[in-house]
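Take a look at the sequence and the structure first, and then we will walk through them together.

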Amino acid sequence: MIARALCYLASGILMLTAAGCDPVVSIAGANFPDWLLCAGAGAILAALCHPLFVAAGLERELRPLPLFYGGLIAMFALIGWVTFFSRA
């Protein structure tokens, strides 16, 4: 019970602090957060990697598949964000 309350509190604090530092990209007059573009690009890149894993015979070794492909999407999205949108 206390752990769940702490989890809700931590996620609420994270959402409130992260909301103010979200850069926005304008595409054809519509504003999109950059993380959304990076997540879409990560999903496309992961979908392009899928046939490569199948052809190489590696997909049967990559279990559980939703966790693997979710991690692959996150990896591509973070690499894209650091490469194109990081201001450091």
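The protein chain has 3 helices and 2 strands; here helices (H or I, at least four residues) and strands (E, at least two) are DSSP runs, numbered from the N terminus. Starting at the N terminus, the elements follow the order α-β-β-α-α. This is a predicted model, in which local features need pLDDT of at least 70 and side-chain atom pairs count only at pLDDT 80 or more, while totals for chains, interfaces and linings use all residues. Residues are numbered from 1 along each chain as its sequence is written, and side-chain values use heavy atoms, with hydrogens and water left out.

**The chain as a whole**

- The chain has 88 residues, and 17% of them count as buried (buried is under 20% relative accessible area, exposed is over 50%, and partly exposed lies in between, using a 1.4 Å probe and protein chains only).
- Of the contacts with a separation of 6 or more, 42% join residues 24 or more positions apart (a contact means heavy atoms within 4.5 Å).

**How H2 and H3 pack**

- Helix H2 covers residues 34–56 and helix H3 covers residues 65–84; the two pack at an angle of about 130°, with axes 7 Å apart (axes are lines fitted to C-alpha atoms, for helices over the stretch in contact, and angles run from 0 to 180 degrees between N-to-C directions).
- That angle makes H2 oblique to H3 (under 35 degrees is roughly parallel, over 145 roughly antiparallel, 65 to 115 roughly perpendicular, and the rest oblique).
- Residues on the H2 side of the contact include Asp 34, Gly 42 and His 50, and those on the H3 side include Phe 76, Gly 80 and Trp 81.
- By type, the residues of this contact split into 14 nonpolar, 3 polar and 1 charged (Ala, Val, Leu, Ile, Met, Phe, Trp, Tyr, Cys and Pro count as nonpolar, Asp, Glu, Lys and Arg as charged, and the others, Gly among them, as polar).

**The nonpolar core**

- The largest nonpolar core has 6 residues: Ala 46, Cys 49, Phe 53, Leu 62, Tyr 69 and Leu 72 (such a core is a set of buried Ala, Val, Leu, Ile, Met, Phe, Trp, Tyr and Cys residues joined through side-chain atoms within 4.5 Å).
- H2 and H3 each supply at least two residues of this core, and H2 gives the most, with 3 residues.
- Beyond its neighbours within four places in sequence, Phe 53 is in contact with Leu 58, Glu 59, Leu 62, Phe 68, Tyr 69 and Leu 72.

**A closer look at Ala 39**

- Ala 39 sits in helix H2 and counts as partly exposed because its relative accessibility is 29%.
- Not counting residues up to four places away in sequence, Ala 39 touches Ile 73 and Ala 77.
- Ala 39 and Ala 77 are 38 residues apart along the chain, and their C-alpha atoms are separated by 5.0 Å.
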